[in-house]
Amino acid sequence: MTMTIESPRSQTPAKKRTNWEKWGWVYMRVSGVLLVVLVFGHLFSNLMIGDGVHAIDFGFVGGKLSNPFWMVWDTLLLWLALIHGANGMRTIVNDYVSRPGLAKAFKVALFLSAALLILLGTFVIYTLDPCPAGADPSLVASFCSTR
């Protein structure tokens, strides 16, 4: 009878799976820090510069969204905030919903609503026309050439 000792290296390595909970945790921390910067930058530019809250109207928003810098800024704010919020809600579902079928339904609803809001918000940011053709000149932004 011959006895052999197997080397631990001779065993096939187990497949490594992605730890989604860890990456969700990391995302919440990183996006939280970025969101603080984005939100306070947004508030400062809208409320502290110029006439403050009294200047915010369709023309102000249209003018801001005609600038590529603010388009990217608002897109980052939208995407990070919605994914951050949906991930937080997913964590709450994981912690408090004990029935697997109901938990899955809530998570699907969260995913679909976040995806829909991201798509619609991004669509508005990149397609808003502050100077629509044929509009009443008193209603369009001051920078429009319809006057």
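This section describes the fold, confidence, salt bridge, pocket and selected contacts of a predicted model. Residues are numbered from 1 along each chain as its sequence is written, and side-chain values use heavy atoms, with hydrogens and water left out. Local features need pLDDT of at least 70 and side-chain atom pairs count only at pLDDT 80 or more, whereas totals for chains, interfaces and linings use all residues.

The chain contains four helices and zero strands, where helices (H or I, at least four residues) and strands (E, at least two) are DSSP runs numbered from the N terminus. The order of elements from the N terminus on is α-α-α-α. Of the 147 residues, 23% count as buried; buried means under 20% relative accessible area, exposed over 50%, and partly exposed in between, with a 1.4 Å probe and protein chains only. The mean pLDDT (the predictor's confidence in each residue, from 0 to 100) is 87 for the chain, and 88% of residues reach 70 or more. Confidence is lowest in helix H2 (residues 58-64), with a mean of 81, and highest in helix H4 (residues 100-127), with a mean of 96.

A UniProt record, an unreviewed entry, annotates residues 26-49, 69-87 and 108-128 as "transmembrane region". UniProt positions are given in the numbering used here, feature names are shortened, and annotations may be inferred rather than shown by experiment. In the model, residues 26-49 are 96% helix and 0% strand, with the end C-alpha atoms 34 Å apart. Residues 108-128 are 95% helix and 0% strand, and their end C-alpha atoms lie 30 Å apart.

One salt bridge is present in the structure, a salt bridge being a side-chain nitrogen of Lys or Arg within 4 Å of a carboxyl oxygen of Asp or Glu. The partners are Arg90 and Glu21, whose closest N and O atoms are 2.9 Å apart. Arg90 belongs to helix H3 (residues 68-96) and Glu21 to helix H1 (residues 20-48), so the pair ties together parts that are 69 residues apart in sequence. Arg90 is partly exposed, at 21% relative accessible area, and Glu21 is also partly exposed, at 48%.

Arg90 is also among the residues nearest the centre of the largest pocket, together with Ile83, Ala86, Asn87 and Phe111; the lining comprises 14 residues. H1, H3 and H4 are the elements that give two or more residues to this lining, and H4 gives the most, with seven residues. On a 1 Å grid over the protein atoms alone, a pocket is an open set of points where a 1.4 Å probe fits, with protein on both sides within 12 Å along at least five of seven lines; lining residues have an atom within 4 Å of a point. The volume of the largest pocket is about 310 Å³, taken as the space filled by probe spheres set on the points, which are joined across faces, edges and corners. By class, the lining has 10 nonpolar, two polar and two charged residues. Ala, Val, Leu, Ile, Met, Phe, Trp, Tyr, Cys and Pro count as nonpolar, Asp, Glu, Lys and Arg as charged, and the others, Gly among them, as polar.

Two further residues are buried. Thr75, in helix H3, has a relative accessibility of 13% and counts as buried. Its C-alpha atom is 6.4 Å from that of Thr122, 47 residues apart along the chain. Val140 lies in the segment after H4 and is buried, with a relative accessible area of 8%. The C-alpha atoms of Val140 and Gly62 are separated by 9.1 Å, the two residues being 78 residues apart along the chain.
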